Structure formats: structure tokens, C-alpha cells
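Colleague: Please show me the model, and then we can go through it by question and answer.

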Amino acid sequence: MSFMPYIHFQGTCEAAMQFYAAVFGATDLQLMRYPDASGGSGAPSSARVMHGQFSVNGDVMMASDYPESVTGDTQAAFSVMTAPATTPEGHRIYDALLAGGAVIVPMGPTFWSPAFGMLKDQFGTHWMIGVQPQTAA
């Protein structure tokens, strides 16, 4: 069994997923809009994403926009955790995700990781970056 993050946005899913795919080097980003749904269940004029996903090293990130008629909190009370293999890669990911966002915990060494940090990105997603101790550079 595995767990996959599924993030919800209010109309910014496409931009967020393109940004995340670029940060993590994904080349298989897929986006399906509500009007493309089987049976036309989405609003025909909606440009919102009904389902988006990409994969990196066998892990999958998924996301969607809330339908236009649904009000919901985006990314309330959760973080996406990633564990890069090296300190330089951890800093690269942290700095890239931080563009237009806000620091929660600055990237730095801890007793459990050679580099750990937390941030809220420009799309409201909370991230935890924790470099793997056994392979840190």
C-alpha cells in the first residue's frame, strides 16, 4: 500500500502542476478539464482541471481544481513531504518552491536531517523538505 498526495485548488491547478512538474523534473504531466469528463459532467465553459497528475521516480502527485460551484479550503492543514537524497538537491527544491511563497522553517541542519525546511508556496501548498540522512552530501 502507498499514499499519494491529492491537492485541491481554486482555479490554479494547471499553473501549480506545471510549476511542480518543472521543480521535480517530471515529463509526464497530464491534465483533464471538467468539460472533458465522460458524459460531459463538467461545466462546458470551465477551464478548471478535473484531474491532473505526474510522476517522479515511481511516486505520483495528483491534483484538481474544485468545481466552480464548490467553495473549499485549498491545502488546509496538511503538508507534502519530500526527501531528496542530497543536501544540494534539498536546497534546490526548497528554493524553487519558495519563489513567491513564505518560509515556515528555514532550510538548515537538524538532529534528524542534514537539511530540513518548511514553506508555503505561491499556490498555498505547504511543503516539508527533509534530506535523507544516510545519503546526504
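Colleague: How many helices and strands are there in the protein?

Modeller: This is a predicted model, in which local features need pLDDT of at least 70 and side-chain atom pairs count only at pLDDT 80 or more, while totals for chains, interfaces and linings use all residues. Residues are numbered from 1 along each chain as its sequence is written, and side-chain values use heavy atoms, with hydrogens and water left out. Helices (H or I, at least four residues) and strands (E, at least two) are DSSP runs, numbered from the N terminus. From the N terminus on, the elements run β-α-β-β-β-β-α-β-β-β, and the count is two helices and eight strands.

Colleague: What percentage of the residues of the protein count as buried?

Modeller: Buried means under 20% relative accessible area, exposed over 50% and partly exposed in between, with a 1.4 Å probe and protein chains only. The C-alpha trace spans about 50 × 25 × 25 Å along its principal axes. Of the 137 residues, the buried part is 36%.

Colleague: Which residues of α2 are buried?

Modeller: Helix α2 takes in residues 87-98, twelve residues. From first C-alpha to last, α2 reaches 16 Å, close to the expected 16 Å, where the expected span is 1.5 Å times one less than the number of residues. The buried residues of α2 are Thr87, Gly90, Ile93, Tyr94 and Leu97.

Colleague: Why are they on the same side of α2?

Modeller: The arc is taken from the directions from the helix axis to the C-beta atoms. The buried residues of α2 are Thr87, Gly90, Ile93, Tyr94 and Leu97. They lie on the same side of α2 because the arc they cover around the axis is only 125°.

Colleague: What covers the buried residues of α2?

Modeller: Cover is judged by contact, meaning heavy atoms within 4.5 Å. The covering elements include α1 (13-24), β5 (79-82), β6 (102-108), β7 (116-120) and β8 (126-130).

Colleague: Which residue has a side-chain oxygen that reaches the backbone nitrogen of glutamate 89 at the start of α2?

Modeller: A polar contact is a pair of N or O atoms within 3.5 Å; within protein, one must be able to donate a hydrogen and the other to accept it, and residues adjacent in sequence count only if both atoms are side-chain atoms. Here the oxygen comes to within 3.2 Å of the nitrogen, and its residue is threonine 86.

Colleague: Which residue forms a salt bridge with arginine 33?

Modeller: A salt bridge is a side-chain nitrogen of Lys or Arg within 4 Å of a carboxyl oxygen of Asp or Glu, and the whole structure has two. In the other listed pair, glutamate 89 meets arginine 92 at 2.9 Å, N to O, and both lie in α2, three residues apart, about one turn of the helix. For arginine 33, the closest N and O atoms are 2.7 Å apart, and the partner is glutamate 14.

Colleague: How many residues apart in sequence are the parts that this pair ties together?

Modeller: Arginine 33 is partly exposed at 23% relative accessibility, as is glutamate 14 at 29%. Arginine 33 lies in strand β2 (residues 30-33) and glutamate 14 in helix α1, so the pair ties together parts with a sequence separation of 19 residues.

Colleague: Is the pair of phenylalanine 111 and tryptophan 112 stacked or edge-to-face?

Modeller: Rings of Phe, Tyr and Trp (its six-membered ring) pair if their centres lie within 6.5 Å; planes under 30 degrees apart count as stacked, over 60 as edge-to-face and the rest as tilted. By this rule there are eight aromatic pairs. The rings of phenylalanine 19 and tyrosine 20 are 5.9 Å apart at their centres with planes at 55°, so that pair is tilted. For phenylalanine 111 and tryptophan 112 the centres are 5.0 Å apart and the planes are at 85°, which is edge-to-face.

Colleague: Where is asparagine 57?

Modeller: Asparagine 57 has a positive phi of about 55° although it is not a glycine. Most residues other than glycine have a negative phi. Asparagine 57 is exposed, with a relative accessible area of 77%, and its place is the loop between β3 (49-56) and β4 (59-65).
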